[in-house]
Amino acid sequence: MAIFTVGGALASCSSHPWALVAARLLQGVGGGLVNSQMIGTIQDVFTGHSRARALGLGDHKRCER
């Protein structure tokens with residue numbers, strides 16, 4: 001989460017296009033790390049049918065639109 005936050009702060013302070021791209025890249029790496037940690041946490045906390053519901057919740061919300 002810290003990498004994502006630092007990337008966002010750097011992106012907001014960047015004055016050159018290359019600095020913005022680099023900061024957004026850092027932010028993307030941080031976001032990717034957070035996503036994998038959340039999936040791992042769900043795998044550890046939930047079991048059986050509740051795990052399937054927890055992992056499928058994001059897809060279900062996208063389909064409601």
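Helix 2 has four buried residues: Ala23, Gln27, Gly30 and Ile42. Buried means under 20% relative accessible area with a 1.4 Å probe, protein chains only. Helices are DSSP runs (H or I, at least four residues), numbered from the N terminus.

This is a predicted model, in which local features need pLDDT of at least 70, side-chain atom pairs count only at pLDDT 80 or more, and totals for chains, interfaces and linings use all residues. Residues are numbered from 1 along each chain as its sequence is written, and side-chain values use heavy atoms, leaving out hydrogens and water.

Helix 2 covers residues 17-45. Its 29 residues should span 42 Å at 1.5 Å a residue, and the end C-alpha atoms are 42 Å apart, which agrees. The expected span is 1.5 Å times one less than the number of residues.

Residues up to four places away in sequence are not counted.

| Residue | Touches |
|---|---|
| Glutamine 27 | Phe4, Gly7 and Gly8 |
| Isoleucine 42 | Arg51, Ala54 and Leu55 |

Glutamine 27 has a relative accessible area of 11%. Its side chain makes a polar contact of 2.6 Å with that of arginine 24. Such a contact is a pair of N or O atoms within 3.5 Å, one able to donate a hydrogen and the other to accept it.

Isoleucine 42 and leucine 55 are 13 residues apart in sequence, yet 7.2 Å apart in space, C-alpha to C-alpha.

Confidence is given by pLDDT, from 0 to 100 for each residue. The chain mean is 83, and 86% of residues reach 70 or more. Where pLDDT is low, the predicted coordinates should not be read in detail.

Conventions:
Helices (H or I, at least four residues) and strands (E, at least two) are DSSP runs, numbered from the N terminus. Buried means under 20% relative accessible area, exposed over 50%, partly exposed in between (1.4 Å probe, protein chains only). pLDDT is the predictor's confidence in each residue, from 0 to 100. Contact means heavy atoms within 4.5 Å.
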